[in-house]
Amino acid sequence: MTSSSSLFSVPRLVVAAPSSGSGKTTVATGLMAAFASRGLVVSPHKVGPDYIDPGYHALATGRVGRNLDAYLCGPELVGPLFAHGARGCDLAVVEGVMGMFDGAAGEGELASTAHVAKLLRAPVVLVVDASSQSRSVAALVHGFASWDPEVRVGGVILNKVASDRHEALLREALDSAGVPVLGVLRRAPQVDTPSRHLGLVPVAERQAAAVDAVAAMGAQVVAGCDLEGLFALARSAGALSCAAWDAGEALVSSPPPPLPVPSLGAAPPDPHRPERPRPQTPDGLRIAVAGGAAFTFSYAEHAELLTAAGAEVVVFDPLRDEQLPDGTRGLVIGGGFPEVYAAELSANEPLRKAVGALAHSGAPVAAECAGLLYLCRELDGRPMCGVLDASARMSERLTLGYRDAVALSDSVLAVAGTRMRGHEFHRTVVEPGSGTAPAWGVRAPERRVEGFVQQGVHASYLHTHWAAEPGVARRFVERCRTS
């Protein structure tokens, strides 16, 4: 999946916190913006499967926000994927997830911020919400700094500090904790970002306001943090012994898709000869990828893998475009918030019919979560594409967590028996939850079947990361080429 191992070193920081809601996103995004404003090329990263925070990171840095998920991709890919994103950068800032030691349920430290910090050999900056404490902050910081000796907490940033007097009490208490204070941020409503049922509102839905919020985060960090001290801490990170992930090399090293049955009179394929990907120059094979405000969830590596496999990736907006891009041979519809835009998506009848016609023609269609809802007959009573004989609706129940799954049906993405890890995050219900040929058998945390495989369609609630199984992208492109 990568070229031969080599030492890779870029200054880097991991921004962690004792718990969610402490201000990680504000501090991490502010640090990215502050350093970028000084002329540094900053590489933004997010621990875990979150799609929304990387959008704010991208605004702050001008670079694609990338995820580092040790559950979805495996610990062995964290370093290479990080090196891929940070190549040529002056500094990398990695925003953590939840509390610093919170990982995949029942899996110990796996996929926690602490786990990723150790894999990256990166120092940690602990963001503490100090709004309701003074001297107790020393015990809190000491506990997090000493809990795991392999995690190096190199500094603390105090958030939501009320006054000069409050700051003095906090600093006095932390003098004995052995962890330097590298920043103090006061309460600042202008840096707040609105939230709704699945967290922050994505950048694509509030572009101008998001730009202002990110600028305010950067200004707050510049005013309240020791940027020189933070950069010095970042430079203390140890070198990584790994090569950067590369989409083309990943395709070469992944197992090839099953060979087609030869036609009568054709020479049988040689099963011992490895199949190499097509040249990276697009050959007219166009794959459309849904984007815009309703479909904001995607991992950058997916498009990179599709391109490396020989496809031309074209983004379209189901809220605005009435037709699929000319020459579309395959369709990828990722996650997002179609429930928020159900009326607008339903009103775009020409595109709904075009998507339905493409799917019914047998062309490959890969849909995750929001894409699943869009392919249903209806969403909250409003007509959708009608590709699947299923109905979707909003629910009061939040479905959230990692999933261990196995493909139950041969599809445009995988052969039956392929095991992959995924993530669910939604407040919707699809009825029925699976078709006659289910997409996945979920093995954990509970055993169930879910999703739909029919003709060239693979539709499911599970978000997966194709870097963990590059053959998925190659199989999809090959099916687009032959359909």
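Residues are numbered from 1 along each chain as its sequence is written. In this predicted model, local features need pLDDT of at least 70 and side-chain atom pairs count only at pLDDT 80 or more, while totals for chains, interfaces and linings use all residues; side-chain values use heavy atoms, with hydrogens and water left out.

**Cavity and pocket**

On a 1 Å grid over the protein atoms alone, a cavity is a set of points where a 1.4 Å probe fits but cannot get out, and a pocket is an open set with protein on both sides within 12 Å along at least five of seven lines; lining residues have an atom within 4 Å of a point. Grid points are joined across faces, edges and corners, and a volume is the space filled by probe spheres set on the points.

The structure has one cavity of 30 Å³ or more. Eleven residues line the largest cavity, and Gly 336, Glu 339, Cys 369, Leu 373 and His 426 lie nearest its centre. Strand 19 gives the largest share of this lining, four residues. Helices (H or I, at least four residues) and strands (E, at least two) are DSSP runs, numbered from the N terminus.

The second largest pocket is about 860 Å³ in volume. Of its 41 lining residues, Phe 295, Thr 296, Phe 297, Ser 298 and Tyr 299 are closest to the centre. Here the largest share, four residues, comes from helix 10.

In the table, Ala, Val, Leu, Ile, Met, Phe, Trp, Tyr, Cys and Pro count as nonpolar, Asp, Glu, Lys and Arg as charged, and the others, Gly among them, as polar.

| Site | Volume | Lining by class |
|---|---|---|
| Largest cavity | about 50 Å³ | six nonpolar, three polar, two charged residues |
| Second largest pocket | about 860 Å³ | 26 nonpolar, 14 polar, one charged residues |

Buried means under 20% relative accessible area, exposed over 50%, and partly exposed in between (1.4 Å probe, protein chains only). In helix 10 (residues 300-308), the buried residues include His 302, Leu 305 and Leu 306. Just after helix 10, Gly 310 has a positive phi of about 110°.

Val 477 belongs to helix 14 (residues 471-482) and is buried, at 0% relative accessible area. Beyond its neighbours within four places in sequence, Val 477 is in contact (heavy atoms within 4.5 Å) with Leu 285, Ile 287, Leu 306, Ala 309 and Ala 311.

**Cysteines**

Zero disulfides (pairs of cysteine sulfur atoms within 2.5 Å) are found in the whole structure. Cys 73 is buried at 6% relative accessible area, and Cys 480 is buried at 0%.
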